[in-house]
Amino acid sequence: MSGEWPLWEVFVRARRGLSHTHVGSLHAADAGHALHNARDLYTRRQEGVSVWVVPAAAITASAPEDKASFFDPADDKVYRHPTFYEVPEGVDHL
Amino acid sequence: MTTGTGPGTDAATAGYLLRLGDDALIAGHRMAEVVTRAPQLEEDVALANIALDLLGQARPLLTRAGELEGEGRDEDTLAYLRDEPEFRNCLLVELPNTDFAHTIARHLLFSCYARELYAALAASTDDVLAGVAGKAVKELDYHRDHAAQWTVRLGDGTEESAARMAAALDAAWPHVDEMFTADPVISAAAASGAGVDPAGLRPAWDSAVDAVLAEAGLHRPDLPPQAGPGGRGGRHGLHTQSFGFLLAEMQHVHRSHPGAAW
């Protein structure tokens with residue numbers, strides 16, 4: 001019987017102004033159930049103000065064997081980093 | 001902090017708080033019994049959260065009942081050192097966890113009642129009770145939603161789950177009326193403004209439960225209320241057979257090791 005419930009990925013927003021962050025996964029029978037379980041498993045200690053659940057099967061992930069072609073070409077593109085100007089004071093979450 | 005006008009009022013409020021505290025304590029203990037037996041680990045955590053919410057409601061209610069009673073009994077004395085006939089919880093909350101559907105049926109029928117009760121009690125003239133109620137109503141909103149989702153999932157699930165959910169509703173249904181029946185203590189507390197007359201909560205309960213049953217494809221059981229000897233039940237200290245076993249398990253550590261602490 002256990003193992004029949006599909007896997008869901010859980011994203012929690014810690015507070016207003018921040019984006020939802022992946023916190024883990026869980027099993028649930030349906031979307032409403034997944035939201036309940038996410039609330040019970042991942043926000044018991046006031047970790048968030050908003051929860052998203054996504055069927056794990058709906059996520060398309062990059063393959064580990066594509067790592068070289070996907071990510072290595074960015075290694076020497078230093079001009080892509082916004083490091084040539086100063087971040088104004090008070091901008092905390094850039 | 002004072003309530004009403006005299007010792008008679010305090011005694012009625014104490015008795016009323018004992019009824020509320022016992023309902024929460026026993027409902028919480030029954031829910032805690034299921035933890036580790038849920039279909040998935042995730043559900044165990046959900047049920048444990050609910051059990052702890054109920055225990056968290058019971059503690060200040062029993063503490064306040066002991067204060068108003070004025071006989072030096074604290075929450076532990078009331079929870080662990082009373083015998084079966086001294087408990088004032090309604091019979092619904094002590095019904096055993098025969099299967100998961102029975103747990104959910106009890107949980108649905110009780111949380112729909114308790115949610116309406118605490119919404120009304122947020123205006124209690126007893127400050128402690130009003131405070132507990134204001135916090136509890138949010139917890140019970142969630143409990144009711146949790147129970148409703150499971151009732152729909154089981155009722156509208158497989159042939160087996162629907163049959164079990166219907167059987168569980170049949171088992172719990174005869175104990176519904178007791179929740180809405182005022183005894184003299186409840187009536188006195190309602191008259192003083194500390195409590196509410198539970199009969200007034202029934203229409204909201206009916207529509208909440210009927211909506212869940214309709215979505216689940218389940219029918220309201222056509223069963224008469226269970227009447228105890230002389231019309232007495234849990235509010236008079238007359239309990240069901242399994243209640244003694246519940247108390248034995250809940251109380252034995254405290255009774256075996258009086259005053260133990262960690």
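Helices (H or I, at least four residues) and strands (E, at least two) are DSSP runs, numbered from the N terminus. By this assignment, chain A has two helices and three strands. Along the sequence of chain A they follow the pattern β-β-α-β-α. Chain B has 10 helices and zero strands, and its pattern reads α-α-α-α-α-α-α-α-α-α. The model is predicted: local features need pLDDT of at least 70, side-chain atom pairs count only at pLDDT 80 or more, and totals for chains, interfaces and linings use all residues. Residues are numbered from 1 along each chain as its sequence is written, while chains are lettered from A and ligands numbered from 1 in the order in which they are written.

The overall dimensions of each chain were examined next. The radius of gyration is taken over C-alpha atoms, and the globule rule is 2.2 Å times the number of residues to the power 0.38. A compact globule of 94 residues would have a radius of gyration near 12 Å, but chain A has 18 Å. The C-alpha trace of chain A spans about 55 × 40 × 15 Å along its principal axes. For the 262 residues of chain B, the rule gives a value near 18 Å for a compact globule; chain B has 18 Å, which agrees. Its C-alpha atoms fill a box of roughly 55 × 45 × 35 Å, taken along the principal axes.

Burial was assigned from C-beta atoms placed from the backbone. A residue is buried if 20 or more other C-beta atoms lie within 10 Å of its own, exposed if 12 or fewer, and partly exposed in between. Of the 94 residues in chain A, 16% are buried. Of the 262 residues in chain B, 47% are buried. Two residues are in contact if their C-beta atoms, placed from the backbone, lie within 7 Å. Among contacts in chain A with a separation of 6 or more, 46% involve residues 24 or more positions apart. In chain B, 72% of the contacts between residues at least 6 apart in sequence join residues at least 24 apart.

A nonpolar core is a set of buried Ala, Val, Leu, Ile, Met, Phe, Trp, Tyr and Cys residues joined through C-beta atoms within 7 Å. The largest such core has 71 residues. Those with the most contacts inside it are L17(B), L92(B), I104(B), A105(B), L109(B) and Y113(B). Helix 4 (residues 100-121) of chain B gives the largest share of this core, 13 residues. Leaving aside residues up to four places away in sequence, I104(B) touches A147(B), W150(B), T151(B), L154(B) and A168(B). Another core, of nine residues, lies apart from the largest one and includes W8(A), V12(A), L26(A) and A38(A).

Helix packing was then considered within chain B. Two packed helices are described by the angle between their axes and the distance between the axes. Axes are lines fitted to C-alpha atoms, for helices over the stretch in contact, and angles run from 0 to 180 degrees between N-to-C directions. Helix 5 and helix 6 (residues 159-172) of chain B pack at an angle of about 125°, with their axes 7 Å apart. Helix 5 of chain B and helix 6 of chain B are therefore oblique to each other. Angles under 35 degrees count as roughly parallel, over 145 as roughly antiparallel, 65 to 115 as roughly perpendicular and the rest as oblique. From helix 5 of chain B, T151(B), L154(B) and G155(B) meet S161(B), A162(B), R164(B) and M165(B) in helix 6 of chain B.

The two chains also touch. Nine residues of chain B are in contact with 14 residues of chain A. Helix 2 (41-69) and helix 5 (127-155) of chain B each supply at least two residues of the chain B side. Helix 2 of chain B gives the largest share of that side, four residues.

Two residues other than glycine have positive phi. Phi of Q46(A) is near 60°. Q46(A) lies in the loop between helix 1 and strand 3 (50-55) of chain A, and counts as exposed with 8 C-beta neighbours inside 10 Å. T36(B) has a phi of about 90°. T36(B) sits in the loop between helix 1 (7-34) and helix 2 of chain B, and is exposed, with 10 C-beta neighbours inside 10 Å.
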